[in-house]
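Look over the model first, then read the points below by topic.

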Amino acid sequence: MKNANEIKFLKNRSIVKFEGEDFLGEIGIDGRIFKALTLARISVGVISQQAVENGISILVHENDAEKAVACLIDEFEAERKSGKVSQIYSINNVSVIGFVAEDFNKVFAELARNNVFPLLLNQVAGENRVNIVVTSSQDEKTRNIIESEIFKKPKTVHLAIIGHGNVGKTLIEQVLESAEEIKKRKKIDLKVVAVANSKKIAFNKKGFDAHWNDEVLTAEHPSNVEELINFSNENQLENLIVVDNTASKDFVKNYHALAENGFDLVSSNKIFNTLPIEEYRKLRYTLNKTTDGICMKPM
C-alpha cells in the first residue's frame, strides 16, 4: 500500500501549450483535446488553464510531444485561422513532482528562495495534493527541498568558502568538527562543497572532509564565480551560501551575480560597506527577490 505522503516523481515529460485570448472557458475545449490525443494514442497527464497567460497547458511524455503538437494543430485548425488560438508548441525536458503538504506556502517559499519557480501547478480539489512541473535541470533539487519540508528531514545547506587563510581555515575546520552535532540539534546538514583562493577553486559535491586542503592544492578549476555558479547548477544544489573571508575589492563585485543565482551571502569583507549606498540598495533588492540571506559585518 502506498504512503499517502509519498512523493510522485516523473521525468521525461513535455508541456504542450496553447496560447490565445478568446477560447479560454469555451465549452468542449477540454473534451476535444482529450479526444484528439486519445485517438492518436497519446496519454495526457495534466491539463491546466492559465487565465493570466491566456493559455492551456497539457502534460505528455516527451516521446509524444511532437506528435501531440501536430495532432492538436490539426484539431484546432479553424481556431488557429480565426485567431482564437495563436500558437501551439511544446516545452521539453520537464519533470512532474506530486506531493501532499499541509502548508503549501512554506514549501513554495523554500522553492522560490532557491530560484525554483514551477512552470505548471495543478492542485487536486478537496485534497492537500499538488502536482508541479519544473525543468529537468532543477528536478532533483526541487525534490530534495520538498522532502525536507514534508518529511522533516535535515535540511542540507551547501557552503562555498571563499578565502582559506586564518579565518577561512578556522571556519572550515569548525564546520567539519561540528557538522554531526549541528545535524542532530538543528536538523541542518552542513556541507562545504567549494573552497577557493585567489587562483583556484576546488569542488566536492558530497562535501569536503579533513583532507580538504589537499583537494584545493590539486584543484584544476580557475577561481571565478562562473565556475561556482555552473557547479551549483549542474549538481542541482539547494540552500546555497557563499562565505566571503577575503579582503578583496574585486570579489565583492560578484555579490549581485551570486544573489541572482540563489546564493545567500555571509561576509567578513568590509569593502562592500564602503561602496556607494546605491550598490547596497541594488543588492538588497536582488536578495529580497531571491533569498532571505545577507550578513555583512566585521569579524
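Buried residues account for 44% of the 299 residues in the protein. Buried means under 20% relative accessible area, exposed means over 50%, and partly exposed lies in between (1.4 Å probe, protein chains only). The model is predicted: local features need pLDDT of at least 70, side-chain atom pairs count only at pLDDT 80 or more, and totals for chains, interfaces and linings use all residues. Residues are numbered from 1 along each chain as its sequence is written, and side-chain values use heavy atoms, with hydrogens and water left out.

**Overall build**

- The protein has 10 helices and 13 strands. Helices (H or I, at least four residues) and strands (E, at least two) are DSSP runs, numbered from the N terminus.
- The C-alpha trace spans about 70 × 50 × 35 Å along its principal axes.
- Contact means heavy atoms within 4.5 Å. Among contacts between residues at least 6 apart in sequence, 67% join residues at least 24 apart.
- The protein has 39 positive and 42 negative charges, and their mean positions are 3 Å apart. Lys and Arg count as positive, Asp and Glu as negative; His and the chain ends are not counted. Each charge is placed at NZ of Lys, CZ of Arg, CG of Asp or CD of Glu.

- Helix α1 covers residues 29-39, and its residues Ile29, Ile33, Ala36 and Leu37 are buried. They cover an arc of only 95 degrees around the axis, so they sit on the same side of α1. The arc is that of the directions from the helix axis to the C-beta atoms.
- The face of α1 turned away from its buried side carries the exposed residues Lys35, Thr38 and Leu39.
- Arg41 follows α1 and has a positive phi, near 60 degrees.
- Helix α2 covers residues 65-75; its buried residues are Ala65, Ala68, Val69, Cys71 and Leu72. Their arc around the axis is only 165 degrees, which puts them on the same side of α2.
- Glu66 and Asp74 are exposed on the other side of α2.
- The cover over the buried residues of α2 includes β1 (8-19), α1, β3 (55-61) and β4 (87-100).

**Nonpolar cores**

- A nonpolar core is a set of buried Ala, Val, Leu, Ile, Met, Phe, Trp, Tyr and Cys residues joined through side-chain atoms within 4.5 Å.
- The largest nonpolar core has 24 residues; Leu228, Val242, Phe251, Tyr255, Leu258, Phe263 and Leu283 touch the most other members.
- Elements giving two or more residues to this core include β7 (155-162), β8 (188-196), α8 (225-234) and α10 (277-290). Helix α8 gives the largest share, four residues.
- Leu228 touches Ala160, Ala194, Ile201, Phe203, Val242, Leu258 and Phe263, not counting residues up to four places away in sequence.
- Another core lies apart from this one: it has 20 residues, among them Ala36, Ile56, Ala68 and Val69.

**A strand residue**

- Val157 is in strand β7. Val157 counts as buried, at 10% relative accessibility.
- Val157 touches Ile188, Asp189, Leu190, Lys191, Asn239 and Ile241, not counting residues up to four places away in sequence.
- Val157 and Val44 are 113 residues apart along the chain, and their C-alpha atoms are separated by 37 Å.

**Loop residues**

- Asn114 lies in the loop between α4 (104-113) and β5 (120-123). Asn114 is buried, with a relative accessible area of 3%.
- Asn114 touches Lys141, Ile145, Glu238, Asn239 and Leu240, not counting residues up to four places away in sequence.
- Asn115 is also in the loop between α4 and β5. Asn115 is buried at 18% relative accessible area, and its phi is positive, near 60 degrees.
- Lys187 sits in the loop between α6 (166-186) and β8. Lys187 is partly exposed, at 48% relative accessible area. The phi of Lys187 is positive, near 60 degrees, in a residue other than glycine.
- Lys84 is in the loop between α3 (77-82) and β4. Lys84 counts as partly exposed, at 29% relative accessibility.
- Lys84 and Ser57 are 27 residues apart in sequence and 15 Å apart in space, C-alpha to C-alpha.
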